[in-house]
Amino acid sequence: MKRDRSPGVKLFLAALIGAVLLIPLVMVYALVSDRENQSETAQASITAGWGGAQIVTGPVLVIPYNSRSVETETVDGKQVTRSTNVRRELFLSPLKQSIETDLQPDVKQISIYRSVIYQSDMTGSARFMLPRDLARSGVSRDQLLFDQAELRFGVSDPRGLTDGTTVRVAGKVQELHPGNGPASTNGSGFSTAVEWDGSEELSVSWQYGLRGSRSIALVPRGGETEWTVKSPWQHPSFKGDFLPDNPDESQGNGEGFTATYGGITNLALGESLVNLSDAPAPVVDDVHGRTDIRYATEMGDGSSTKYASIRLIEPVDLYSQVDRSVKYGFLFIGFTFVCFFMFDVVAGARVAAAEYLLTGVGLVLFFVMLLAFAEVIGFAWAYIVASAAIIGLLTSYSAAVLGGWHRAAMIGGMLAGLYTTLYILLSLEALSLVIGSVLLFVALAAVMYATRNINWSGITGQEEEEGFAPAS
């Protein structure tokens, strides 16, 4: 007669099968990442020809000047000093600039993939003045070539520029030239020649339409920068070195948002109004479809260029939520296996290793179904469909494994509670760790109580009745 395994051996086998199931769980995690990458590729194709995440800056007034360069070289064994004229550029930021952005978003979709795009109207004004202490910068006024000065406006993706771009200098409409933008937008944008002698204040105003996707950012320049953004989009996310003056009021509501960045000064920027080199170029880092901006280079004094960014995010990031739910997968396997184990060693129902394995595969399949349906019908409905399917499947299977619908109903109730709890954990990010740790504590206490009288290394009572009891 074949002997039953001891409770300790059964626990070990259940734990071993649970550990093996972590392999397909990791594969599902990799599948989520792969589908997210496909989504990003699809979003890039959606925005191709329209405009990507936009970074704007400007204007900055660039004035060339002549500088003497002294070089010493050896010719025929003798030191020879040569002096040459070198053309350099002085970058003058505005005393004050005010920018208003009217952002009109839309959602464009290809197949099951969607991306947030927008059309914006940019208007602004700025004032320039040559500082009295210009000599402190190492440049004298008579070195400046005012007749070759130009204004540079930065737009990181000029494909998004639309008709109607206008720049006025002292009330006069200027002729615009493509490219030659500030370094902070990698030279992208547009420029215009300026007639100015530097003796008086220079007033500039501009307007242009700009298309983009997912986010818009501003690199402030000058003594004081004010930026106001209005949009009907209800889910903004504010990033960067500066936040709106009214962050709570700026959060999206039923009527959209209005974000006001007031009084960003050159002291906060850590930049002088006059520079002999332009600000470094930003790098747009679009990770998992969530556009962010970081600066790969720094200015000569070690201070990094600062920015303000507004992202138009989707209210539900399904890949992020599926990714988080997969991380709780081992809890589903663990809780279910513990219930099966309790029925096995306490209630007398025999659960084979293959039955543990099939049940675990069903639990892993839930996350695959959740991902597949979420891309089509959204996360919430996908969660309902996938959880209902798996609960129904495993409840029916448990009726056969555990020998009755009463026990199967307990498994179904436990799974329904687990899936409900997981959905709550995904919704309450701040309390997810607290709730999860409390549930684990309660589960551990329940298992300890239910197994307090089990002889883990002994044989079952049935074996004793069949003649396998140890000798007294």
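Student: Leaving aside its neighbours within four places in sequence, with which residues is threonine 57 in contact?

Tutor: The model is predicted, so local features need pLDDT of at least 70 and side-chain atom pairs count only at pLDDT 80 or more, while totals for chains, interfaces and linings use all residues. Residues are numbered from 1 along each chain as its sequence is written, and side-chain values use heavy atoms, with hydrogens and water left out. Contact means heavy atoms within 4.5 Å. On that basis threonine 57 touches Phe153, Gly154, Pro182, Ser184, Thr185, Leu218, Val219 and Arg221.

Student: Where is threonine 57 placed, and is threonine 57 buried or exposed?

Tutor: Threonine 57 belongs to strand 1 (residues 54-75); helices (H or I, at least four residues) and strands (E, at least two) are DSSP runs, numbered from the N terminus. Buried means under 20% relative accessible area, exposed over 50%, and partly exposed in between (1.4 Å probe, protein chains only). With 3% relative accessibility, threonine 57 counts as buried. A polar atom of its side chain lies 3.0 Å from the backbone oxygen of valine 219.

Student: How many salt bridges are there?

Tutor: Side chains of opposite charge can pair when their charged atoms come close. A salt bridge is a side-chain nitrogen of Lys or Arg within 4 Å of a carboxyl oxygen of Asp or Glu. By this rule there are eight. One of them joins glutamate 375 to arginine 35, with the closest N and O atoms 2.6 Å apart.

Student: Which parts does the pair of glutamate 375 and arginine 35 tie together?

Tutor: Glutamate 375 lies in helix 6 (residues 353-377) and arginine 35 in helix 1 (residues 7-47), so the pair ties together parts that are 340 residues apart in sequence. Glutamate 375 is buried, at 10% relative accessible area, whereas arginine 35 is partly exposed, at 21%.

Student: Which residue does glutamate 201 meet in a salt bridge?

Tutor: Its partner is arginine 127, at 2.8 Å from N to O. Glutamate 201 sits in the loop between strand 9 (189-193) and strand 10 (202-213), and arginine 127 in strand 4 (residues 113-128), 74 residues apart. Glutamate 201 is partly exposed at 38% relative accessibility, and arginine 127 is partly exposed at 33%.

Student: Are aspartate 278 and arginine 221 buried or exposed?

Tutor: Both residues, aspartate 278 and arginine 221, are buried. Their side chains meet in a salt bridge of 3.3 Å, N to O.

Terms used:
A polar contact is a pair of N or O atoms within 3.5 Å; within protein, one must be able to donate a hydrogen and the other to accept it, and residues adjacent in sequence count only if both atoms are side-chain atoms.
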